[in-house]
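Please keep the sequence and the structure in view while reading.

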Amino acid sequence: MFTSAIASAGQGSQLNLTRGVTDISQTVYSLHMLVFYICVAIGVIVFGAMFISIYRHRKSRGVEPAKFHDNLRVEIAWTVIPFLILIGMAVPATITLLEMDDTADSDLSVLITGSQWRWHYSYLDYDVEFLSNMATQREQIYGRLPQTENYLLEVDRPLVVPVGKKIRFLITSDDVIHSWWVPEFAVKKDANPGYINEAWTRIDEPGIYRGQCAELCGRDHGFMPIVVIAKEPAEFEAWIQGEEQRLADAREEEERLLSMEMSEDELMSLGEQVYLSQCAACHQPNGQGVPGVFPGLAGVGVSVGDQNAHIDIVVNGSAGTAMQSFRNNLSMRELAAVITYERNAWGNNTGDLVQAADIHQFIQGNQ
């Protein structure tokens, strides 16, 4: 899957490092090629000398082996020359690494949080945040539909950034270790729970750039694509304003919905949609789960137990397990619907109807 990301980003090449579209990525590529040519030269010299010596001094020609114990000049040479070669490679590599870690004087900061199995983006300079999920249809994964050009590299909400600006990435995780990797930016940073790593980029040209999670993070590891859209600064500002207005409208709508009660049919219909998109990958569409890995919900467990305990695990997750918190991933209306669905699907029939106001009350009471 990683080679497919490189192929998409690197104009079809799968045999070499991606050249990239940023100054840093070009520097990394040049450094990579310098070290590669040095290694090729060393290989040619060492193996060439070895094969020539084997051929010219073989026993069949009657050559007698030389008898000597040591040679000070040779020993000095094979110590000093590799040392100088390593210094020659280490100096530009160190300069590049220091430049890659210099996130000072950034124009925009984005907090990137990995979770099984999606990315959450939060623009720290604006009131904008959203989740980014893989958009490739499951029918393509199961072979029921033909695969598209960007198979497994599509998302519903791409990260949008301006060109010509220094963008600082703050990368972390809320469950297991992930890795945010976009080859064309020469950015690959681990997302560790409880720790924040930093990286940066400055994109010169508008375009769409793709990557993936590069750390084995669980059963759907291959379904965590990254899409970054670079826009001109004016277009980016217009997009930001639109997103801020959209989120403000969504919060206003949620406040309005807190005073409304949804019918059982509405809750079950919305709950099924949310369950299939967010929960079915682990707990299975039929609620049976995966024995020994993910618990079942049909007739057992939290879905037929205490309602508040059910709300708690969906809202806050379960530490030390793959069950993540959905507090920031779903609206209160969606949380209420999916919990209602789980408590009344697959023959559970508890009769419990959870409303958005119940979720709001639970969250407020546990702050």
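## Nonpolar cores

Which residues have the most contacts inside the largest nonpolar core? In this predicted model, the largest nonpolar core has 36 residues, and those with the most contacts inside it are Val 110, Tyr 121, Tyr 123, Leu 159 and Trp 180. Helix H5, which covers residues 233–257, gives the most to this core, contributing four residues. Apart from this core lies another one, of 28 residues, among them Cys 279, Phe 326, Ala 356 and Phe 362.

Tyr 121 shows how such contacts reach across the sequence: leaving aside its neighbours within four places, Tyr 121 is in contact with Val 110, Leu 111, Ile 112, Val 128, Glu 129, Phe 130, Ser 132, Leu 159, Trp 180 and Ile 226. Two of these partners, Leu 159 and Trp 180, are also listed among the residues with the most contacts inside the largest core.

## Overall dimensions and composition

The chain contains ten helices and ten strands, and buried residues make up 39% of its 367 residues. Whereas a compact globule of 367 residues would have a radius of gyration near 21 Å, the chain has 28 Å, and its C-alpha trace spans about 95 × 50 × 40 Å along the principal axes. Among contacts between residues at least 6 apart in sequence, 63% join residues at least 24 apart.

## The five-stranded sheet

Five strands form an open sheet with mixed pairing, in the order S3-S2-S1-S5-S8. Strand S3 (128–132) and strand S8 (197–201) stand at the edges, and each has a single partner strand, so one side of each is left without a neighbour in the sheet. From one strand to the next, the twist averages 20 degrees.

Strand S2, residues 118–123, pairs with S3 in the antiparallel sense over five bridges. Within this pair, Ser 122 of the sequence stands opposite Glu 129 in S3, and Glu 129 is also one of the residues in contact with Tyr 121.

Is strand S6 mostly covered or mostly open? Strand S6, residues 178–182, is mostly covered, since five of its five residues are buried. His 178, Trp 180 and Val 182 point one way from S6, while Ser 179 and Trp 181 point the other way, and all are buried.

Strand S6 runs antiparallel to strand S7 (residues 187–191), to which five bridges join it, and the bridge partner of Trp 180 in S7 is Lys 189. S6 and S7 form a hairpin with four residues between them, and in the turn Ala 186 has a positive phi of about 55 degrees. S6 also pairs in the antiparallel sense with strand S9 (residues 207–213), over two bridges, and there the bridge partner of Trp 181 is Gln 212.

## Backbone geometry in the loops

Most residues other than glycine have a negative phi, and most peptide bonds are trans. Against that background, a cis peptide bond joins Gln 116 and Trp 117, with omega about -5 degrees, and Trp 117 lies in the loop between strand S1 (108–115) and S2.

Leu 152 is found in the loop between helix H4 (138–141) and strand S4 (159–162), and counts as buried because its relative accessible area is 5%. Gln 284, in the loop between helix H7 (280–283) and helix H8 (307–316), is instead partly exposed, with a relative accessible area of 23%.

## Cysteines without disulfides

A disulfide is a covalent bond between the sulfur atoms of two cysteines. How many disulfides does the structure hold? The structure holds zero, and the distances for two of the cysteines can be set against the cut-off of 2.5 Å between sulfur atoms.

The sulfur of Cys 213 is 3.9 Å from the closest cysteine sulfur, in Cys 217, which is too far for a bond. For Cys 282, the closest cysteine sulfur is in Cys 279, at 8.4 Å, again too far for a bond. Both Cys 213, at 1% relative accessibility, and Cys 282, with a relative accessible area of 13%, are buried.

Key:
Residues numbered from 1 in each chain as written. Predicted model: local features only at pLDDT ≥ 70, side-chain atom pairs only at ≥ 80, totals over all residues. Heavy atoms only, no water. Buried < 20%, exposed > 50% of the residue type's maximum accessible area, 1.4 Å probe, protein only. Core = buried A, V, L, I, M, F, W, Y, C linked by side-chain atoms within 4.5 Å. Contact = heavy atoms within 4.5 Å. Pairing = 2+ DSSP bridges. Axes fitted to C-alpha atoms, helices over the stretch in contact; angles between N-to-C directions. Rg over C-alpha atoms; globule rule 2.2 N^0.38 Å.
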